[in-house]
Amino acid sequence: MTPPTSVRLLACALGAGLTVAALAAAPASASASGSTERVARYAGSAEEAAANKAFFQAVMKSVAEKRAANPGAESVTISYDASQAPTFQQQIASSASIWNSSVSNVKLQASSGGGDFSYREGDDSRGSYASTDGHGSGYVFLDYAQNQEYDSTRVTTHETGHVLGLPDHYEGPCSELMSGGGPGPSCTNPNPDANEKAQVESLWANGFAKALHKAEAALR
């Protein structure tokens, strides 16, 4: 969400790996040396972009498989489990509400378990990030320190933007949700702009059909 640290893409010989998109700036409690290191890495990377894309594809795969079992559904719904992030229940609910009022081709819906992705919370020097194992399982991690330094609803809605397929654009203005922490802690805008809304609409109107076709074929 905020200036990124390194992104690690770890794959084992069998091709199963962990993809983590680290999106954090130095939290307020970071040491001077740690803060300097994180700021120096605030350039983004191809690896980070690939990690965000992998997370989106994993979520899309999970949604497509469920939808293939119920092809008559009228809309695309992404379910999420927020039980592992009790501190951020309000922010998560606000994030879902913001996205649901911003786009129509995809909707976010709370689930008591078995969602297409989940939210987790804790302390991590990388800050908040989106993570996937590449096999349809993923979660959004919300870091305590980062959510104290930056507007927590913006952090959460930004990370949820990765779930919907949006990449980071740190050099953007505060009016862009996916500019994350680029504009600094004073930026509290939690809403996507018109271009970001259009991108999500396009991804789920067009890209989802391909994912659904593949999932249906796999279930035959």
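Where is Asp124 found? I looked this up before anything else. Asp124 is in the loop between β5 and β6.

**Entry 1: ground rules.** I noted that the model is predicted, that local features need pLDDT of at least 70 and side-chain atom pairs pLDDT 80 or more, while totals for chains, interfaces and linings use all residues. Residues are numbered from 1 along each chain as its sequence is written, and side-chain values use heavy atoms, with hydrogens and water left out.

**Entry 2: the whole protein.** I listed 6 helices and 7 strands. Helices (H or I, at least four residues) and strands (E, at least two) are DSSP runs, numbered from the N terminus. Starting from the N terminus, the order of elements is β-β-α-α-β-α-β-β-β-β-α-α-α. Of the 220 residues, 49% are buried. Buried means under 20% relative accessible area, exposed means over 50%, and partly exposed is in between (1.4 Å probe, protein chains only). I put down about 9,900 Å² for the accessible surface, with 51% belonging to carbon and sulfur atoms. These areas come from the Shrake-Rupley method with a 1.4 Å probe; for residues, only the protein chains shown count as cover. Among contacts with a separation of 6 or more, 66% are between residues 24 or more positions apart. A contact means heavy atoms within 4.5 Å.

**Entry 3: back to Asp124.** Is Asp124 buried or exposed? Asp124 has a relative accessible area of 17%, so I wrote it down as buried. Leaving aside neighbours within four places in sequence, Asp124 is in contact with Tyr129, Phe141 and Asp143.

Entry 4: I then went to β7, which covers residues 138-143 and has 6 of its 6 residues buried. In a regular strand the side chains alternate between the two faces of the sheet. In β7, Gly138, Val140 and Leu142 point one way, and Tyr139, Phe141 and Asp143 point the other way.

Which strand runs parallel to β7? I found β5 (residues 117-122), joined to β7 by 5 bridges. Two strands pair if DSSP finds at least two bridges between them. Ser118 has Tyr139 of β7 as its bridge partner. Tyr139 came up again with Arg120, whose charged end sits over the Tyr139 ring, 3.8 Å from its centre. A charge counts as sitting over a ring if NZ of Lys or CZ of Arg is within 6 Å of the ring centre and within 35 degrees of the ring normal.

Strand β6 (residues 129-132) pairs with β7 in the antiparallel sense, over 4 bridges. Here the bridge partner of Tyr129 is Phe141, and that of Ala130 is Val140. In β6, Tyr129 and Ser131 point one way, Ala130 and Thr132 the other way, and all are buried.

**Entry 5: aromatic rings.** How many aromatic pairs does the structure hold? I noted 7. Rings of Phe, Tyr and Trp (its six-membered ring) pair if their centres lie within 6.5 Å; planes under 30 degrees apart count as stacked, over 60 as edge-to-face and the rest as tilted. One of the pairs is Phe88 with Tyr144: the centres are 6.2 Å apart and the planes at 20°, so the pair is stacked. Phe88 lies in the loop between β3 (76-84) and α3 (89-102) and Tyr144 in helix α4 (residues 144-149), so this pair ties together parts that are 56 residues apart in sequence. Phe88 is buried at 5% relative accessibility, whereas Tyr144 is partly exposed at 29%.

I looked next at Phe117 and Tyr119, whose ring centres are 5.2 Å apart with planes at 65°, so the pair is edge-to-face. Phe117 is buried, with a relative accessible area of 2%, and Tyr119 is buried at 1%. Ring pairs link Tyr80, Phe117 and Tyr119 into a cluster.

**Entry 6: helix α5 and beyond.** Helix α5 (residues 152-163) has 12 residues and reaches 17 Å from its first C-alpha to its last, close to the 16 Å expected. The expected span is 1.5 Å times one less than the number of residues. Since 11 of the 12 residues are buried, I recorded α5 as largely enclosed by the rest of the structure. The buried ones include Arg154, His158, Glu159 and His162. After α5 comes Gly165, whose phi is positive, near 110°.

My last stop was Asp193, in the loop between α5 and α6 (194-219). Not counting residues up to four places away in sequence, Asp193 touches Ser175 and Glu176. Asp193 and Leu177 are 16 residues apart in sequence, and their C-alpha atoms are 6.9 Å apart in space.
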